[in-house]
Amino acid sequence: MTFFDLHSLEWLKLSHNDLTALTEETVLPILDTLTMIDVSHNPLTCSCELMWLRSWLQDFTERETYKSFAQHNCFTENGHTKDVMGLSAKELGCPEYSKDDGACHYLAPNLAAATVVLAVLM
């Protein structure tokens with residue numbers, strides 16, 4: 001709920017905050033408006049929870065012609081430092097991601113409890 005009402009937020013700078021995790025659920029309310037994310041210099045744990053960040057950073061790199069943020073690293077279980085963008089879905093422990101046409105796509109979990117309503121006005 002931290003970012004729930006920040007609908008026009010474009011830059012998220014959380015570097016040097018001793019964050020060990022940052023889930024997609026946390027940033028989801030602002031993910032569509034962000035043009036920059038910086039969570040560098042944090043002791044993030046390499047896990048599937050960072051797959052959204054890896055995808056976002058890769059998309060940013062593809063659409064921007066400059067690199068305007070520091071390398072985003074995470075720490076493996078054995079204490080090695082790894083570049084988040086350089087890790088595969090398998091290395092992050094994400095079996096729910098698939099490789100398709102060179103891009104990673106998230107296979108959403110079963111949302112049996114969710115209801116989608118589509119209204120068509122004539």
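**Disulfides and the rest of the fold**

Analyst: In this predicted model, Cys-46 and Cys-74 are joined by a disulfide, with an S to S distance of 2.0 Å.

User: Which parts of the chain does the pair of Cys-46 and Cys-74 tie together?
Analyst: Cys-46 sits in the loop between strand 2 and helix 2, while Cys-74 belongs to strand 3, residues 73-75, so the bond ties together parts that are 28 residues apart in sequence.

User: Are Cys-46 and Cys-74 buried or exposed, and what is the handedness of their disulfide?
Analyst: Both Cys-46 and Cys-74 are buried. The torsion about their S-S bond is about 95 degrees, so the disulfide is right-handed.

User: How many disulfides does the count come to?
Analyst: The count comes to two disulfides, and the other bond to describe here joins Cys-48 to Cys-94, with an S to S distance of 2.2 Å. Cys-48 lies in the loop between strand 2 and helix 2, and Cys-94 in the loop between strand 4 (81-83) and strand 5 (97-100), so this pair ties together parts that are 46 residues apart in sequence.

User: What about the torsion of Cys-48 and Cys-94?
Analyst: The torsion about the S-S bond of Cys-48 and Cys-94 is about 135 degrees, so this disulfide is right-handed. Cys-94 has a relative accessibility of 4%, and because buried means under 20%, Cys-94 counts as buried.

User: What is the pairing if I number the bonded cysteines in sequence order?
Analyst: With the bonded cysteines of the protein numbered in that way, the pairing is 1-3, 2-4.

User: Let me step back for a moment. How many helices and strands are there in the protein?
Analyst: The protein has two helices and six strands, and from the N terminus on its elements run β-α-β-α-β-β-β-β.

User: And how much of the protein is buried?
Analyst: Of the 122 residues in the protein, 28% are buried. As for contacts between residues at least 6 apart in sequence, 62% of them join residues at least 24 apart.

User: Which residues of the largest nonpolar core touch the most other members?
Analyst: That core has 25 residues, and the ones that touch the most other members are Val-27, Ile-37, Trp-52, Leu-53 and Trp-56. Strand 2 and helix 2 (51-63) are the elements that give two or more residues to this core, and helix 2 gives the most, with six residues.

User: Now Leu-34: is it buried or exposed, and what does it touch?
Analyst: Leu-34 lies in the loop between helix 1 and strand 2 (36-38), and with a relative accessible area of 6% it is buried, because that value is under 20%. Leaving out residues up to four places away in sequence, Leu-34 touches Leu-9, Glu-10, Trp-11, Leu-12, Trp-56 and Arg-63. Leu-34 and Glu-10 are 24 residues apart in sequence, and their C-alpha atoms are 4.1 Å apart in space.

User: Trp-11 is on that list, so where is Trp-11 placed?
Analyst: Trp-11 is placed in strand 1, and at 56% relative accessibility Trp-11 counts as exposed, because the cut-off for that word is over 50%. Apart from its neighbours within four places in sequence, Trp-11 is in contact with Leu-34, Thr-35 and Met-36. The C-alpha atoms of Trp-11 and Ile-37, 26 residues apart along the chain, are separated by 6.1 Å.

User: Changing topic, what is phi for His-16 and for Asp-18?
Analyst: Phi of His-16 is near 60 degrees, a positive value in a residue other than glycine, and Asp-18, which is not a glycine, has a positive phi of about 55 degrees. His-16 is in the loop between strand 1 (11-13) and helix 1 (24-27), and Asp-18 lies in the loop between strand 1 and helix 1. His-16 is exposed, with a relative accessible area of 57%, and Asp-18 is exposed, with a value of 64%.

User: Last one: what is the volume of the second largest pocket, and which residues line it?
Analyst: The second largest pocket has a volume of about 160 Å³, and its lining includes Cys-46, Ser-47, Thr-76, His-80 and Gly-93. By class, the lining has three nonpolar, five polar and three charged residues.

Note on methods. Residues numbered from 1 in each chain as written. Predicted model: local features only at pLDDT ≥ 70, side-chain atom pairs only at ≥ 80, totals over all residues. Heavy atoms only, no water. Helix = DSSP H or I, 4+ residues; strand = E, 2+ residues; numbered from the N terminus. Buried < 20%, exposed > 50% of the residue type's maximum accessible area, 1.4 Å probe, protein only. 1 Å grid on protein atoms, 1.4 Å probe; cavity = no way out; pocket = protein on both sides within 12 Å on 5 of 7 lines; lining within 4 Å. Points joined across faces, edges and corners; volume = space filled by probe spheres on them. Nonpolar A, V, L, I, M, F, W, Y, C, P; charged D, E, K, R; others polar. Contact = heavy atoms within 4.5 Å. Core = buried A, V, L, I, M, F, W, Y, C linked by side-chain atoms within 4.5 Å. Disulfide = S-S within 2.5 Å.
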